[in-house]
Amino acid sequence: MKYRDDMHGNPISQLGYGCMRFTKKGSNIDIDKAKKELLKAIEMGVNYLDTAYIYSGSEAALGEIISRNDLRDKVNISTKLPGYMIKSMKCIEKTFDEQLARLKTDHIDYYLMHMLTDLQSWEKLCDLGIKDWIEEKKRSGAIRNIGFSFHGNSDRFIQILDAYDWEFCQIQYNYLDETTQAGVKGLHAAGEKGIPVIIMEPLRGGKLVNNLPKNAQKLIAEDPKKRTPAEIALRWLWNQPEVTCILSGMNTTEMVEENCRIASEAEAGEFTDEDFKLIAGLRESILEVTKVGCTACGYCQPCPKGVDIPAAFRYYNETVISGKKSARFEYAQSVGIRKEKSFPSQCVACGKCESHCPQGINIIEELKKADKALRPWYMKIGVGVARRFMLR
């Protein structure tokens, strides 16, 4: 296993274990199977384990496996505060205490503000007194490093990045999200600040491995290095020195062994011109089957009515790449619960965006299609309820 520095002299394994996808047996986690796979990963050098308060049963399962096998001093535990559920300092303290109990530990190595989507979601926690709370927990040693996980665009990411003295961050990033989500712009911004970056969804939940378009499958089959779709995607990430650790939701021993093998070989700067050409071909093959030819350049922004046009088109395209259910959920998660509404239905057809679009997209009409695809009636109701609960 290769390791990268967390900027405080602590080695972090290039490959991290994403505990959200522990295998379930019925409605509960299959603890015996999870134990076998997790212990194998730790044996092979994985030392960064990621979970969250809202991952059903995950914290408790992780705590049981680590404590029963006396591994606490050999691993870094990362978990998250669900700020969107928090209404008071008392609630923050109660949640944190519950997490320590679940994880059977007296400290969290890497603690994140979970799923920040805009600056306002952080400022809401600041108004409750989160900064003083963090400092107290750091002084006591209950929290070793403080960070945040993010869903949104690069500009919003950088606003949050600049709003506090963060020690690490976690973003969705892969070769298809190079110009969406926090993107390469956000990755480099964190790198310039010396902030470690943890990568989630490196394979888009398996979408960059399974059900790839035929042209993409052909390119991979012709790869002279005989790499799998997963290996190509992971190596593209590790090729970038700003990437500290890649999370993988491994749920078979074979997957653990294969990913650990790749992580023991991959290095920053190893990609050749041919490797980059392959990635470009894969990206192009996937985007060929999308709905709208939006490159997320941002020239259409800001919309006078607040519509996040690149996000709408990004998730509209996801209805083809990842399926409608996944795209709708991700859109609701990253856009739906922002404090400021930014839905396509807010468009008044002023045409300002179309006059600036270098791709010549008929944005007004495509936004209508995107809104219909992403926000059927039941999603509108669900997001409306979530907004009232989370943003009040």
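**Pockets and cores: worked exercises**

The second largest pocket has 29 lining residues, and Asn153, Ser154, Asp155, Asp308 and Pro310 sit nearest its centre. A pocket here is an open set of points on a 1 Å grid over the protein atoms alone, where a 1.4 Å probe fits, with protein on both sides within 12 Å along at least five of seven lines; lining residues have an atom within 4 Å of a point.

Quick background: this is a predicted model, where local features need pLDDT of at least 70, side-chain atom pairs count only at pLDDT 80 or more, and totals for chains, interfaces and linings use all residues. Residues are numbered from 1 along each chain as its sequence is written, and side-chain values use heavy atoms, leaving out hydrogens and water.

**Exercise 1.** Find which helices each supply at least two residues of the lining of the second largest pocket.

*Solution.* Step one: helices are DSSP runs (H or I, at least four residues), numbered from the N terminus.

**Exercise 2.** Work out which residues have the most contacts inside the largest nonpolar core.

*Solution.* Step one: a nonpolar core joins buried Ala, Val, Leu, Ile, Met, Phe, Trp, Tyr and Cys residues through side-chain atoms within 4.5 Å, with buried meaning under 20% relative accessible area (1.4 Å probe, protein chains only). Step two: this core has 82 residues, and the answer is Tyr17, Leu49, Met113 and Phe148. Step three: helix 9 (residues 229-238) gives the most to this core, seven residues.

Technical notes: Buried means under 20% relative accessible area, exposed over 50%, partly exposed in between (1.4 Å probe, protein chains only).
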